[in-house]
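Please read them with the structure open.

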Amino acid sequence: MLDIKKIRADFPILNQQVNGKPLVYLDNAATSQKPQVVIDSLVNYYSTINANIHRGVHTLSQLATDAFEQSRIKLQQHFNAKKSHEIIFTSGTTHSINIVATGFTSLLQKGDELIVSAMEHHSNIVPWQMLCERTGAILKVIPMNQEGELLMDEYDQMLSNKTKLVFVNHVSNALGTINPIKEIIDKAHQVGAAVLIDGAQSSPHIKTDVQALDADFYVVSAHKMCGPTGVGILYGKEAWLNKLPPYQGGGEMIKEVTFEKTTYADLPHKFEAGTPNIAGVIAFGTAVDYMNSIGFDNIAAYENELLQYATKKLLQIEGLKIYGTSEHKTSVISFNIGEIHPYDIGTIIDKLGVEVRTGHHCAQPIMDFYKIPGTVRASFSFYNTFEEVDVLYNALIKAKMMLS
Ligand code: C6P
């Protein structure tokens, strides 16, 4: 199906040793590795067309602007947005959510209700809590079960004509659960609420059609999709983006400035004040092309095989408990072994070349739910191999022996 050997050759970082052992990179949910074409795209921009965009009549500026805008089209096509100006370039998911949360300040009243899920990353909790503090709106939480699945009946009960906004992740970073976002969106729309979907963890695994979903906002970080850090998108329906005020004032987001009154530029520039991450945006387009050349169906099928194999293998370790056991999940395994602290496991297996994330994964409410300090999280990408799962397994056996 996928030629993994060939794919791995695209990622220069994978071919190295860490602590004297071959690198086994299983922290893809934190950030993915970058193929050579993406690295080349960054270098080519700086070595051949580096100039500020939308500003100059000179040739370099026009070449840079064309490449930047070409990337917007690529992102529009990838997520099937109706219009290219519905794609706003941001510094990442966190920035995108803050644009929307801040923008809603003037659109809410005291007593309005907002709904979040129990399995969100802090980025999709804190900006909304700040919004509630500013406006007097009330935050309600869709609970989850032990498997790490949302209780949809409870969601149904929460919705009312007071509900103004619902924000949930498409995929949980700490559990891997794929949430039923189409149902969540449709039900919210029935009561007139807008929906923001945090696509940070779905975008590396699932090709999303924002029009088919009917999402009002969909937010993504490039660095989890083989792209560079410091860039992402806010997709918003045109009508919503027109309704929201700009987030930052500055250059490029204006139509006309006088000391008496400033008028704002049209979309997308209204939300893109200042010089953006030009190289990052261009390389994001390259990353999306790269992932599409492999194919999201192929990626999902292969990663699911890896997930099934790794789950079976890891469960052979006595005392290992997996958090997030939904049937619908991406290639993330969050676990603990007995009472051993996740940090200790992470530290030992790092010495064996295995890189995983440990801790609360910026999702403390999930850890509180399970009454644990954190987990060890192994997150797999399409360039990982079955042999690497075996290396992880052996490293965990060793860590368990040393720590028990
Ligand atoms: N999760 C993880 O290890 P930024 O940092 O803005 O690119 O993405 C924030 C974010 C928002 N939502 C979800 C679901 C996420 O997983 C993340 C980032 C990383 O799980 C780093 S904390």
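1. Lining of the largest pocket. 19 residues line the largest pocket, and those nearest its centre are Thr 93, His 121, Ser 123, Ala 200 and Lys 224. On a 1 Å grid over the protein atoms alone, a pocket is an open set of points with protein on both sides within 12 Å along at least five of seven lines; a cavity is a set where a 1.4 Å probe fits but cannot get out; lining residues have an atom within 4 Å of a point. By class, this lining has four nonpolar, eleven polar and four charged residues. Ala, Val, Leu, Ile, Met, Phe, Trp, Tyr, Cys and Pro count as nonpolar, Asp, Glu, Lys and Arg as charged, and the others, Gly among them, as polar.

2. Basis. This is a predicted model: local features need pLDDT of at least 70, side-chain atom pairs count only at pLDDT 80 or more, and totals for chains, interfaces and linings use all residues. Residues are numbered from 1 along each chain as its sequence is written, and side-chain values use heavy atoms, with hydrogens and water left out.

3. The largest pocket holds about 240 Å³ of space; a volume is the space filled by probe spheres set on the grid points, which are joined across faces, edges and corners. What takes this space? The ligand does. A molecule sits in a pocket or cavity if more than half of its atoms lie within 2 Å of its grid points.

4. Ligand shell. The ligand is surrounded by 16 residues, the closest being Thr 94, Asp 198, Gln 201, Ser 221 and Arg 357. Near means a heavy atom within 4 Å. The shell divides into four nonpolar, eight polar and four charged residues. Domain 1 (4-27 + 295-403) and domain 2 (39-292) both give residues to this shell, so the ligand lies between them. The domain bounds come from an automatic or database domain assignment.

5. Which side chains reach ligand oxygen atoms at 2.7 Å? Gln 201 does, through a polar side-chain atom. Ser 221 does, through a side-chain N or O atom. Arg 377 also places a side-chain N or O atom 2.7 Å from a ligand oxygen. A polar contact here is a pair of N or O atoms within 3.5 Å. The protein covers 87% of the 510 Å² of accessible area that the ligand has on its own (Shrake-Rupley method, 1.4 Å probe).

6. Second largest pocket. Its volume is about 160 Å³. Of its 14 lining residues, Phe 89, Thr 90, Ser 91, His 95 and Pro 276 are closest to the centre. The lining of the second largest pocket has six nonpolar, seven polar and one charged.

7. Cavities. How many cavities of 30 Å³ or more are there? The count is two. The largest cavity has a volume of about 100 Å³. It is lined by 16 residues, with Asn 28, Pro 204, His 205, Lys 224 and Ser 381 nearest its centre. Domain 1 and domain 2 both contribute to the lining of the largest cavity, so it lies between them.

8. Second largest cavity. This one holds about 50 Å³ of space. Its lining is Ile 53, His 54, Arg 55, Glu 252, His 269, Glu 272, Gly 274 and Pro 276.

Terms used:
A polar contact is a pair of N or O atoms within 3.5 Å; within protein, one must be able to donate a hydrogen and the other to accept it, and residues adjacent in sequence count only if both atoms are side-chain atoms.
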